[in-house]
Amino acid sequence: MGFREDKLRACQGYSAQNLSVIRHIAANLLQQESTAKCGVKAKRLKAGWDDEYLLKLLSAADKVIPSS
C-alpha cells in the first residue's frame, strides 16, 4: 500500500504485473539503502526531492540487477 496501489487504474494487458515488479524493485532498493537513517516512506520522499539521492538509489540497482 506504500505506492497507493488501490487507486491504480492500469488494467490492460500485462501493465498491472509490470508495475508490480517495478514497485517491488523500488521497495527493495529503498529497504537496502543504508546511508539515510530513516524509514522507507521518508526515503521515498527524499528520492523525490533530491536528484543526487535518487541517482544513488538507481546506481545501487545497477549493482543488484545484472544487465544482459
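Here are legends for a few close-up views of this predicted model.

**View 1. Five residues gather in the largest nonpolar core.** Zoom in on L30, A36, A47, Y53 and L57, and you have the whole of the largest nonpolar core, five residues in all. As a bit of background, nonpolar side chains in soluble globular proteins tend to be buried together.

**View 2. A36 and the residues it touches.** Stay with A36, one of the residues of that core. Setting aside neighbours within four places in sequence, A36 is in contact with K43, K46 and Y53. Y53 also belongs to the largest nonpolar core.

**View 3. K46 meets the ring of Y53.** What sits over the ring of Y53? The charged end of K46 does, 4.7 Å from the ring's centre. Both K46 and Y53 turn up in the previous view too, as contacts of A36.

View 4. Helix α1 covers residues 15-32, and I25 is found in it. Is I25 buried or partly exposed? I25 counts as partly exposed because its relative accessible area is 33%, between the 20% and 50% cut-offs. I25 and A61 lie 36 residues apart along the chain, yet their C-alpha atoms are separated by 8.4 Å.

**View 5. N28 of helix α1, again with A61.** N28 is found in helix α1 as well. With a relative accessible area of 29%, N28 is partly exposed. From N28 to A61 it's 33 residues in sequence and 9.5 Å in space, C-alpha to C-alpha.

How values were computed
Residues numbered from 1 in each chain as written. Predicted model: local features only at pLDDT ≥ 70, side-chain atom pairs only at ≥ 80, totals over all residues. Heavy atoms only, no water. Lys NZ or Arg CZ within 6 Å of the ring centre and 35° of its normal. Helix = DSSP H or I, 4+ residues; strand = E, 2+ residues; numbered from the N terminus. Buried < 20%, exposed > 50% of the residue type's maximum accessible area, 1.4 Å probe, protein only. Core = buried A, V, L, I, M, F, W, Y, C linked by side-chain atoms within 4.5 Å. Contact = heavy atoms within 4.5 Å.
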